[in-house]
Amino acid sequence: MCQKALNYFLVNAGRLVTRDELLSDVWGVRDVSDGRISRVIRVLRVALGDDSREPRYIETIPKRGFRFIAPVAEVILTSGNDEPANHHIEEQQAIQQQERKHHRHWWLLAGTFLCCVLAISGWQYWQQSQLDPQVPFGRFEPLSSMDGLELYPDVSKDGRYLVYSHSLDFDSDSTLIIQDLKSLEKKQVKVSSKGGIRGPIWSPDGNSIVYQYLQRNSFCEIRRLSLNTADKSVLSDELLTKCGAKSMGARMSWSPDGKYIVYPDWRTGTDGIALMLLPVNGGLAEQITMPPQTSLGDFAARYSPDGSKIVFLRDAAGSAGQIWVLDLTSRSSRLVYQPDDNYPAHVAWTIDGSGIIFPSGTNTLSLIDLKSNAVSIVAHTDASPHDVFVGTDNRIFSSIGRFWQSSIRKVNNVLENPVPSLETIDFATRTEGLIELNPQPGGPAAVLSNRSGNQQVWLYYPDGRQKQISRFSGQMYPKVLEFSPDGEKLLVLVNATIWLLQPDQEPIAITTPEQYGREPTWGANSQTIYYKLSHNGRWQIMRKELTSENAEMFSDKWDYYLESPDEAYVLRSNIGDDSYELVMRQSGEVIKLDNFPKMDFLSPRIILRKKAIYYSAPSNNADVKIYRFNLASRQTESTGVEQKLLGRRFFVSLDEKFIFQDDGKKGDVDIAELILSR
């Protein structure tokens with residue numbers, strides 16, 4: 001499709017090509033999802049080294065289509081002295097006519113070659129494959145290809161049926177889908193409101209599906225669907241057990257003998273997620289892992305093919321993902337591997353149980369050999385794998401695609417600025433990663449982008465200049481971008497390491513990966529850095545002065561600390577207490593914030609300003625809104641600005657007149673099978 005799209009653009013260079021036209025003339029159909037067009041255009045841009053913000057080849061015309069804007073010319077071969085011989089005009093014209101045809105073919109073939117070599121494999125794979133040509137390339141062939149998010153794939157033991165959950169957007173129902181892998185026919189077997197179906201898994205005999213039914217902070221259930229053997233229709237839907245309301249979306253596993261389910265659970269009164277073992281035919285669930293206090297917990301568990309072991313992921317201080325194996329006979333567990341440069345989303349056993357496959361980068365799958373503990377790349381891929389799964393017939397499946405498309409909009413804060421305003425920030429319509437707006441008027445924004453081959457931090461200036469200021473290697477996934485109050489420096493959390501970035505200066509590592517730094521924040525003077533550090537299984541707040549070489553322990557009583565930009569107050573949280581307290585520096589007054597968002601799996605987005613503290617939280621009708629705590633009235637007020645998802649980033653201008661919200665939408669994630677080739 002990439003080849004066909006490029007050829008079509010070359011023939012129609014300079015002219016607006018609508019999406020409907022592409023569907024009709026390139027795909028040859030009219031029922032292909034709009035997302036499929038976008039993915040082909042995105043791959044083509046990668047191959048050409050193009051940038052949609054400053055396009056040199058393919059220009060996007062919003063809501064209409066695309067235009068190929070690079071010059072396209074026929075190459076005309078002339079005689080040796082660069083002038084056609086006058087006495088052979090007719091012969092020369094005939095030759096030129098043939099050569100025009102030849103060179104038109106050449107341009108099309110060149111475009112085809114470019115797509116096949118670069119677009120299919122991707123720029124990152126192309127770089128890596130030059131270093132290790134023995135590693136095969138894997139192409140993900142979509143199986144579900146629906147609009148929206150298809151997540152949590154699992155395949156029946158006989159390899160015939162695929163099950164997954166699907167939702168269009170945040171306000172739509174979620175559905176449980178069974179798909180025949182031979183005919184690709186889909187069957188909807190369960191519907192719930194607002195994405196409540198998570199982590200479906202097949203029973204070993206293929207007659208049941210267990211799934212998690214979750215409305216976070218409201219209820220969580222583990223349920224079983226009994227199916228008709230002939231047509232997979234639902235015979236019954238029964239509750240197996242309840243799980244903690246704070247639980248996250250679960251990736252579960254069924255033991256090969258059909259007797260047990262292992263699932264992650266965040267129970268009331270606990271600090272993180274633990275793995276539970278549930279007898280399917282009755283009995284109490286048993287906790288089988290005990291993550292450390294500084295860990296967010298254990299999840300993504302998978303039984304080994306013989307049922308004797310469980311592989312799972314353990315969060316390390318909210319910054320790194322560790323791969324562990326639990327021996328069910330001895331109940332002993334061991335750390336198998338901790339990737340240095342990525343946080344694996346999922347793990348899967350090889351069919352013989354000798355190794356573990358996991359996503360090891362944006363476009364790679366790797367294998368851990370459990371006998372030697374050696375780690376090697378299994379395949380470079382043309383898309384980013386998420387929930388990887390290996391079927392009993394050795395077929396590899398995964399969800400692929402993007403979960404979110406960012407769109408930053410500037411709106412007026414009605415509590416401070418009654419003049420209506422709605423403006424989309426142009427550079428923030430891309431989907432590479434985090435975006436951090438500068439607190440100072442006229443200052444550059446920070447954008448996480450993979451335009452240079454891997455994830456790097458770029459500064460985007462109002463005058464159009466762009467500058468890369470990070471030098472990360474490997475597949476880095478920064479989780480935090482925070483400008484200093486003066487807008488001149490950036491704190492970046494990459495896996496477990498905190499970095500200081502400044503224009504025209506080399507990046508400085510504030511912590512080492514072994515220290516597990518987390519949640520860096522700036523002091524009001526823009527010269528002091530506070531951050532959490534895991535020490536002997538507990539959190540402590542560290543303070544680092546940029547003028548000093550070493551950091552010092554600031555407090556072992558708090559696990560959250562944030563200064564206001566004007567130095568008037570501090571927001572902090574005590575260890576073991578998920579509430580916050582506000583400390584006024586001049587008077588020493590301490591104010592308990594009982595109705596504030598709680599410390600959770602990740603710390604909530606909180607912004608301190610002179611007049612108020614801003615945060616996002618669900619309203620009474622479960623919509624997410626941006627609120628503020630008024631420091632003068634000591635009252636909570638609604639700004640009226642809604643967020644589509646709890647935890648999405650937002651910004652508040654220093655004068656508090658404008659709020660910048662991420663008003664994006666869900667991306668498009670498909671279930672796909674990996675096709676390997678050499």
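**Loop residues with positive phi**

I looked up Asp504 and found it in the loop between β36 (497–501) and β37 (508–509). The model is predicted, so I treat every value here as computed from it. Asp504 is not a glycine, yet its phi is positive, about 65°.

I went on to Leu184. This residue sits in the loop between β7 (174–180) and β8 (186–192). I noted both residues because most residues other than glycine have a negative phi. Leu184 has a relative accessibility of 38%, so it counts as partly exposed.

Next I took strand β19, residues 320–327. How many of its eight residues are buried? I found seven, so the strand is largely enclosed by the rest of the structure. The cut-off I used for buried is under 20% relative accessible area.

I checked its pairing on both sides. Strand β18 (residues 309–316) runs antiparallel to β19, and eight bridges join the two. In this pair I marked Phe312, which stands opposite Trp324 of β19. Strand β20 (residues 332–337) also pairs with β19 in the antiparallel sense, over five bridges. Here Leu326 stands opposite Ser333 of β20.

Last, I turned to the second largest pocket. Its volume is about 520 Å³. Which residues are closest to its centre? I listed Tyr303, Pro305, Phe389, Val390 and Thr392, out of 24 lining residues.

I asked which elements give two or more residues to the lining. They are β5 (149–155), β9 (197–202), β13 (253–254), β17 (298–303), β21 (348–349) and β25 (389–390).

I also sorted the lining by residue class. It divides into 14 nonpolar, seven polar and three charged residues.

Note on methods
Residues numbered from 1 in each chain as written. Predicted model: local features only at pLDDT ≥ 70, side-chain atom pairs only at ≥ 80, totals over all residues. Heavy atoms only, no water. 1 Å grid on protein atoms, 1.4 Å probe; cavity = no way out; pocket = protein on both sides within 12 Å on 5 of 7 lines; lining within 4 Å. Points joined across faces, edges and corners; volume = space filled by probe spheres on them. Helix = DSSP H or I, 4+ residues; strand = E, 2+ residues; numbered from the N terminus. Nonpolar A, V, L, I, M, F, W, Y, C, P; charged D, E, K, R; others polar. Buried < 20%, exposed > 50% of the residue type's maximum accessible area, 1.4 Å probe, protein only. Pairing = 2+ DSSP bridges.
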